[in-house]
Amino acid sequence: MSRLHDITERTTRSIARRSSRRGFLGRLGSLLGGTALSIPLLPVARASGVGGDSAVPEQTTGVEADPGNPASCDYWRYCGIDGFLCSCCGGSHNACPPGTEMSPLTWIGTCHNPGDGKNYIISYNDCCGKSSCGRCMCNRNEDDRPVYRPNLNNDIDWCMGTTTNVYNCSTAVILGLANT
Amino acid sequence: MLQNLRSIGVATMIGLAAGLLHHPALAELPAEPIPNVKKLSVPYPGTYAVVHDFAFGSLIDSSFGIVDVESRAFLGMLSAGQFATINHSLTHQKFYVGETIHTKGVRGERQDLVAVYDFENLDLVAEIALPTRRANIVVNKALTAITDDARFLLVFNMDPATSVSVIDLNKDAFVGEISTPGCSLVYPDAVGGFLQLCGNGTLAAIALQEDGSQASRWVSAEFNDIDRDPISEKASRIDDVWHFFTYAGKVQPVDVSAAQPKLLDIWWLASEAERKDNWRPAGWHGNAGNDAGWLWVGMTPDGYNGSHKDPAPEIWLFDSKRKQRTARFELASPALSIAATHHEEPMLLVVNIEGSLDVYDGFSGKHLRRINELGETPYMVHPIASGERP
């Protein structure tokens, strides 16, 4: 059920705001028949619950100014991400899993770091060369622009300039402070 | 115990005797042929649709399931590689699956191709090699298109430079590539060419020569405010008018009846009061049209920066010619993607967030039926009776 909560939290926050969240989730639970969902709910997922024995173990960057759990879709750097979190796939928030290859081309986003109150430019480098990791699907579309603005679009397989363009997972690497 | 066994034995004998009495002269079942592979009846009825399973959890092994949205029968499937696309042609009675594969699974040489399948057998009838630049992008109808004259299949490329591969459908052969710097995707016009949306806020219209090469290229004035309220690339065509939608909910119709498109007047989906509640278009592909002029749009309340791909809990139905909403209904399960059949009494097809296909009465929103088990991550539905359009 925690997964359902996570999934529904983002996609339905508007209605939840107008009524109590518990009440809303109750209604959605009935709508979905209270069943576990059979697909990762792409592209709406804010998936992979944290907490509980079956959840992905919580992670930390170990840096005070970089707070949050990089194995969670709520981690601040993931504001524009779309894909499987490499933190859950053998890599980390800024490193690819062993045996994969990091794409040199990416899309970028600007995310607010609650740790220091600053905005950072984040590069969402894909990791390539193994099939879909399939863990911790996360899709957040803040400032995402359509495909015809490629550098700001997260639907594109950015495994370009790599040995193969088979997609495995996505990272979120700090490029630097945003000007604004 | 013994008494019980005796009773069971007697009952069994009586049962067997009764069976013989009831079926005294039934012939034995004949031996059946092997191999035995079904065909589909052609032409297809207007109730078939293709459901695209993106297979996000195993991208190199995606598929397309063909279903009858009336009977709920699953009729067959087409297997595909990663980031696949599908188009079909009633003229040619074929499916065209764009795909990227590697010769050793996730390793080896990259191959981009269009695999061609016939309607009747779903057999591979041709493989058309493409330049290895086809755009590998999550399911998007505008990645490919068949021109209105059913002559060419257009495949959008991004590596990340942008271009379009042209395939001659009379020969099932790649005939060339058109460079389209700064402009993306393909939207067919009514005169055998196509539109593109460009990163500088313009749109481009490209006319083709008889051999598939570019005859002319026209570029509009800047009209798309991409930074503040961009036009989504998820659009619907009604007759000769493409309907585009901004993230905030403006409709930008574009008349493509002639080689030079016309930008028509903008109108809003939601009233002022509804816009204050931030009702916005939503869904992976949350809009659908049919040539009678009906336009269905998936909507979500309290939209925010990033809600443009969220599932849509409601459908709003518009008369696109009068620019007026005529109905509004809640869905049994929120929509990822929608499409409409072209019947006089159209059906609305909805790929929902549970991965099922819901079928609704297009006018009343009455839930008619549901088809389950359509793959790992179904993303899109394409009604087959909609002609050459994706």
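**Notes on the two-chain model**

1. Pro43(B) is found in the loop between helix 1 and strand 1 of chain B. Helices (H or I, at least four residues) and strands (E, at least two) are DSSP runs, numbered from the N terminus. The peptide bond leading from Val42(B) into Pro43(B) is cis, with omega near -5°. Pro35(B) also sits in the loop between helix 1 (2-22) and strand 1 (48-53) of chain B, and the bond from Ile34(B) to Pro35(B) is cis too, with omega near 0°.

2. A word on the ground rules. This is a predicted model, in which local features need pLDDT of at least 70 and side-chain atom pairs count only at pLDDT 80 or more, while totals for chains, interfaces and linings use all residues. Residues are numbered from 1 along each chain as its sequence is written, with chains lettered from A and ligands numbered from 1 in the order in which they are written.

3. Chain B has two helices and 29 strands. Its C-alpha trace spans about 95 × 50 × 40 Å along the principal axes. Of the 390 residues in chain B, 48% are buried; that label requires 20 or more other C-beta atoms within 10 Å of a residue's own, whereas 12 or fewer make it exposed and anything in between partly exposed, with C-beta atoms placed from the backbone. Taking contacts in chain B between residues at least 6 apart in sequence, 45% join residues at least 24 apart. A contact here is a pair of residues whose C-beta atoms, placed from the backbone, lie within 7 Å.

4. Have a look at the largest nonpolar core, which holds 136 residues. Such a core is a set of buried Ala, Val, Leu, Ile, Met, Phe, Trp, Tyr and Cys residues joined through C-beta atoms within 7 Å. Val97(B), Val114(B), Trp296(B) and Leu349(B) touch the most other members. Leaving aside residues up to four places away in sequence, the contacts of Trp296(B) include Ile315(B), Leu317(B), Ile338(B), Leu348(B) and Gly362(B).

5. One sheet to pick out is an open one in chain B, where four strands follow the order 4-5-6-7 with antiparallel pairing. Its edges are strand 4 (82-89) and strand 7 (124-130) of chain B, each of which pairs on one side only. From one strand to the next the twist averages 30°; axes are lines fitted to C-alpha atoms, and angles run from 0 to 180 degrees between N-to-C directions. Two strands count as paired if DSSP finds at least two bridges between them. Strand 6 (residues 107-118) of chain B is joined to strand 7 of chain B by six bridges. The bridge partner of Val116(B) in strand 7 of chain B is Ala126(B).

6. Two residues other than glycine have positive phi values worth checking by eye: Arg72(B), at about 70°, and Asp172(B), near 50°. Arg72(B) lies in the loop between strand 2 (62-68) and strand 3 (74-80) of chain B, and counts as partly exposed because it has 14 C-beta neighbours inside 10 Å. Asp172(B) is placed in the loop between strand 10 (162-168) and strand 11 (173-179) of chain B; with 17 C-beta neighbours inside 10 Å, Asp172(B) counts as partly exposed.

7. Finally, the interface: 39 residues of chain A are in contact with 46 residues of chain B. Helix 2 (residues 13-18) of chain A supplies the largest share of the chain A side, three residues. By class, that side has 19 nonpolar, ten polar and ten charged residues, where Ala, Val, Leu, Ile, Met, Phe, Trp, Tyr, Cys and Pro count as nonpolar, Asp, Glu, Lys and Arg as charged, and the others, Gly among them, as polar.

Definitions and conventions: Two residues are in contact if their C-beta atoms, placed from the backbone, lie within 7 Å.
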